[in-house]
Amino acid sequence: MSVTTPTIGQPAAPGAAAPTIDFETTKEIGYYRLVWRRFCSRRVALVATIILGVLVVACYLGPLLLPGDCGDLSQISLAPFSTGHTPGTFCVDAPNNFLAAGNHFHLLGTDDNGRDLLVRNLNGGRISLLVGASAMTLTIFIATILGALAGFFGGLVDTMVSALTNAILSIPSILVLIIFVKTFNSTGNAGPIAAVGLVVLGIAIISWPYTARIIRSVILSVREKEFVEAARAVGTSRPRIIVRHLIPNALGPIVVSASLTIGAAILTESALSFLGYGVNPPTPTWGNLLNEGRDHLNDPNGVGFFYALWPGFLILTVVLCFNYIGDALRDAFDPRSLER
Amino acid sequence: MAKYIIKRLLLGALTVLAITFVMFVFQQLLPDKPYALLLNRPNQSQAVKDAIRAKFGVDEPLFVQYFKYLKNVSQPLWTWWGWPPQLPSPPDLGESNFLHGPVWEGITQRAKATGQLMITSYVVTLLIAVPLGILSAVKQYSKLDNTVTAFAFVGISLPNYWFGSVLIYLLADLPFQHNIGKIFPASGNGDGSIKDLAWHLVLPVIVLAVQSIAGYARYIRASMLEVLSQDYIRTARAKGLANRRVVIRHAFRNSLLPFITLLGLDIPTLFVGAIVTEVVFSWPGMGKLFVDSASGNDFPVLIGIALLLSIFVVLGNLIADVAYTWADPRISYEK
């Protein structure tokens, strides 16, 4: 069950046994280095990683280097929840700048409050990426615990987790999310941190079942293996068996679904913001910007169409990158899928 | 088999009950109740307040309300009873606060528009995705295959409301501004004639289809590749069958098996796509009704839609699983 010549001390990879892999499996290199090499052999995935890296750096550091919303450097904040705009203040040159087209000073133009759209897009990226990353972390956390418990103990635990999984999968996720946000933030007055937290929690609640199912099936298949029996024979406690012997074997699927979950979470958040149930404005997210921009699609002069174009394009790029990376990771962890 | 079906139906009923109950609790948690304004009048006597609460059915404990709701919903199961037997009356999902009428009527009126949109886009999806998937599997790693794969990745990652807005701008608003007239209408579902309906369907169907073609083509490709590597395909080729016949008769038919499950699982995702798409194109269907009701705190409608939908999903999954055993006798749910 591991690579053809297993190296000592490396956990066995589920499904990594494929005699026909043309990679350097016979050399004495570690499993994870092998995975890394296979990942690097996918040029698309590398490009996606680089693009993503550039975007993340741009979103978190970019607003520092640019003139603020109004070209005022004092209004810039690195805090992830910064709207980039102090409430109650107005841009000095705003009246001349409403919905201006891109120029040398405001590269992407300005929005309907005279704020710089490039800065707002980057600030929105902070929130959107943050929502994606935290929703992913929470999802993987819940899914790993419940999936491992269901797979290891079986019986009543398994039945209960499966019932919960099926119940959540039985209603379309965006429906659940709308009702969830509606119930706990019905006035839309929640502060930015509470609003982001609510959206993150909602996304995690609807997306853990997918990952939990995968983890459960991996644990189920590994549970009866000899090395688990050996661990049990030497008296290893059950929590230790789960954490040290079973979950590492599910690492591949966990990493893959982590990557895919971030992309899906960003997409869900923006759809939710678009419908008006996401993080409430003025906190910028890509979904919010897109929603605001949609009202100005037809403005004949000025920023018009591009107001809505950029945030959507950024969402598409980021989600595409995460999907490519997830796909490459799947191939890297499970070489059998390469044969196809 | 019968035992399995009954077990699944019972589990499904439990799921549906759980979903509606959670929605009921959520309704109670809502800070601004739809009838709150009526109760805030000055000089309102307690009797009037009680009457208003009774009218909205909230004068009783939560569980009593819930059981009353279940009794009304299950109406078609028992209203035919009696002599002479009558036609069962439709389920009573309560009164909508905003539609000024029964929820059931509101939903069934909108269901038609949703059906038109979903069925059209589904047919378009299958017509394009199935040949694409087969071709890219047969010609693996060819230019066509790589193009389809790249397209599929973009399609899966595309924010569909954004895509819809861009389409509206480019194909409806921009030509209109330049006095060409709208190439395609941007909203609504037409004046009722079939020609106008088809005209209005174009843009939303493109948005829905691009997304699902991406997923389906990839799925069919993977499933075809799996089958094409099987021994019986080699046997079929070895005995000298034409390539076309091998692909269509031997490979494609077998690759359809996992597809059955996908069909059953896809009902909810199809609806999700439709919620956002319906809002973008102001399509007067269930998805739009749901979003409108959510913004108006119209919980009876929300619960009604969620209830009907989860019933469909449970039944869809069950039918898919049963159809799977029928199509592939190697699978059995009996232990």
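## Confidence in chain A

The model is predicted, so confidence comes first. Chain A has an average pLDDT of 76. In this chain, 72% of the residues score at least 70. Confidence is highest in helix 4 of chain A, residues 117–153, with a mean of 89. It is lowest in helix 3 of chain A, residues 94–97, where the mean is 52.

Two stretches of chain A call for caution. Residues 1–21 of chain A have a pLDDT below 50. Even so, the model gives this stretch 42 contacts beyond near neighbours in sequence. Residues 71–95 of chain A also stay under 50. For them the model has 44 contacts beyond four places in sequence.

Which elements make up chain A? There are twelve helices and zero strands. From the N terminus on, the pattern reads α-α-α-α-α-α-α-α-α-α-α-α. Chain A has 340 residues, and 48% of them count as buried.

Take the contacts with a separation of 6 or more: 66% of them join residues 24 or more positions apart.

Helix 12 of chain A covers residues 305–333, which is 29 residues. Its first and last C-alpha atoms are 42 Å apart. That is close to the 42 Å expected at 1.5 Å a residue. Why is helix 12 of chain A described as largely enclosed by the rest of the structure? Because 22 of its 29 residues are buried.

Trp310(A) sits in helix 12 of chain A. This residue has 22 C-beta neighbours inside 10 Å, so it counts as buried; the cut-off is 20 or more.

Helix 6 of chain A has twelve residues. They should span 16 Å at 1.5 Å a residue, and the end C-alpha atoms are 17 Å apart, which agrees. Buried residues in helix 6 of chain A include Ser173(A), Ile174(A), Leu175(A) and Leu177(A). Ile178(A), Ile179(A), Phe180(A) and Val181(A) are buried there too.

Chain B has 14 helices and zero strands. Its C-alpha atoms fill a box of roughly 90 × 65 × 40 Å along the principal axes. Of its 335 residues, 33% count as buried. Among contacts in chain B between residues at least 6 apart in sequence, 65% join residues at least 24 apart.

The domain assignment of chain B gives domain 1 (2–96) and domain 2 (106–327). The C-alpha centres of these two domains of chain B lie 34 Å apart. Across the boundary, 18 residues of domain 1 of chain B are in contact with 16 residues of domain 2 of chain B. On the domain 1 side, helix 1 of chain B (residues 2–29) makes the largest share, ten residues. That side of domain 1 of chain B divides into nine nonpolar, six polar and three charged residues.

Most residues other than glycine have a negative phi. Tyr141(B) is not a glycine, yet its phi is positive, about 65°. Tyr141(B) lies in the loop between helix 6 (103–138) and helix 7 (143–157) of chain B. Is Tyr141(B) buried or exposed? With 10 C-beta neighbours inside 10 Å, Tyr141(B) counts as exposed.

Ser282(B) also has a positive phi, about 45°, without being a glycine. Ser282(B) is in the loop between helix 12 (257–280) and helix 13 (286–295) of chain B. Ser282(B) has 13 other C-beta atoms within 10 Å, so it is partly exposed.

Key. Residues are numbered from 1 along each chain as its sequence is written. Chains are lettered from A and ligands numbered from 1 in the order in which they are written. This is a predicted model: local features need pLDDT of at least 70, side-chain atom pairs count only at pLDDT 80 or more; totals for chains, interfaces and linings use all residues. pLDDT is the predictor's confidence in each residue, from 0 to 100. Helices (H or I, at least four residues) and strands (E, at least two) are DSSP runs, numbered from the N terminus. Two residues are in contact if their C-beta atoms, placed from the backbone, lie within 7 Å. The expected span of a helix is 1.5 Å times one less than its number of residues. A residue is buried if 20 or more other C-beta atoms lie within 10 Å of its own, exposed if 12 or fewer, and partly exposed in between; C-beta atoms are placed from the backbone. Domain bounds come from an automatic or database domain assignment. Ala, Val, Leu, Ile, Met, Phe, Trp, Tyr, Cys and Pro count as nonpolar, Asp, Glu, Lys and Arg as charged, and the others, Gly among them, as polar.
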